[in-house]
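Look over the sequence and the fold before reading on.

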Amino acid sequence: MKYTFGPVNSRRLGLSLGIDLLADKTCSFNCIYCEIGASPRVTCDRKEYTPTAEIIAEIDRVIRNQSGSKPIDVFTVTGNGEPTLHSGLGKIIHHIKEKTDKPVAVLTNGSLLHRADVRKDLFEADIVIPSLDAALEGSFRKINRPAPCNTLGEIIEGLVVFSQEFTGKLWLEILIVKGINDTPEDILALQKAVTKIKPDMVQLNTVARPPLEKYAHPVSQKELEHIAEELPGKVEIIVDFSQKKKEHTRNANEPEILHVLQRRPCTASDICEALNLDTDSTEKALLHLERSGSITKTEHQGRKYYSAS
Ligand code: SF4
């Protein structure tokens, strides 16, 4: 499968089929915490980066071949960069809504929501999860390193307008990086922006997986809890600070694991959680994949992460 992956367990969304609209990483930002690597193309150009018809045909194949043991709870448009850059987004969401009664979620960095065509493309989605990591210009530039065509004022305004127009659920994600967007001034500016945007919920996050820049460090659980208290409305901390092993039942399958690792680095327990796999067979499969050179292991914040070679 070229454009779809999973379904994988997502703590936020349930059993999620990922849909990736961009073959090579293409984004309007080049965030210091990005877990999928540097953006070779940092752009605001909206176009058909990959053929819409091919993506739709693949989604149809997945829907046709869906097995009863892994029913999809949600179709999630996400992946290798910023999905709203793809001009076929609206058509793809519309197609999924016609073919299934499952919800469609879109993860976006929110940078193009000031454009009416992008907002219109998202209207049929059920859940939109845009990011807003900073509401101060200096912090925004440091953390998100946007394409020159992005301005923070325009992005916040786009979020405000989208929130007023959109009838689905709007969950605003804020990712905090230690020493970059965690000052009292940053939190006050974010508080004002969230008050204007009025999302259904704020999802607070920090750097969990190996970041693009080594200096992008996470804040502690306590710091996130403190920030959560400062923000208005419903706020949920979504990073999982626990390193507890959870019990899962299925035996590991190497191609499935490799497919997940081609998207982003994961720990063994992330993989077990995402694919509902049993711990022992997953560890054996990871060892075998590592020995065969298909994956590599790195250490981040005391945890072992695997990535496709
Ligand atoms: S917006 Fe997302 S995909 Fe783009 S650079 Fe930032 S983290 Fe990576």
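## Overall form

What radius of gyration does the chain have, and how does that compare with a compact globule of 309 residues? The chain has 19 Å. A compact globule with 309 residues would come near 19 Å, so the two agree. This is a predicted model.

Along the principal axes, the C-alpha atoms fill a box of roughly 50 × 45 × 35 Å. The secondary structure comprises ten helices and twelve strands. Consider contacts between residues at least 6 apart in sequence: 74% of them join residues at least 24 apart.

## Cores

Of the 309 residues in the chain, 41% are buried. In soluble globular proteins, nonpolar side chains tend to be buried together.

The largest nonpolar core here holds 62 residues. Val104, Val106, Ile174, Ile176, Val177 and Ala193 have the most contacts inside it. Take Ile174. Setting aside neighbours within four places in sequence, Ile174 contacts Leu132, Asp133, Leu190, Val202, Leu204 and Asn205. Another core lies apart from the largest one. That other core has 19 residues, including Cys272, Leu289, Ile295 and Tyr306.

## Ligand surroundings

Which residues are around the ligand? They are Cys27, Phe29, Asn30, Cys31, Cys34, Ile36, Ser39, Gly81, Glu82 and Asn109.

By class, the shell has five nonpolar residues, four polar residues and one charged residue. Cysteines in the shell include Cys27, Cys31 and Cys34.

Key:
Residues numbered from 1 in each chain as written. Predicted model: local features only at pLDDT ≥ 70, side-chain atom pairs only at ≥ 80, totals over all residues. Core = buried A, V, L, I, M, F, W, Y, C linked by C-beta atoms within 7 Å. Buried ≥ 20, exposed ≤ 12 C-beta atoms within 10 Å, placed from the backbone. Contact = placed C-beta atoms within 7 Å. Helix = DSSP H or I, 4+ residues; strand = E, 2+ residues; numbered from the N terminus. Rg over C-alpha atoms; globule rule 2.2 N^0.38 Å. Near = placed C-beta within 6 Å. Nonpolar A, V, L, I, M, F, W, Y, C, P; charged D, E, K, R; others polar.
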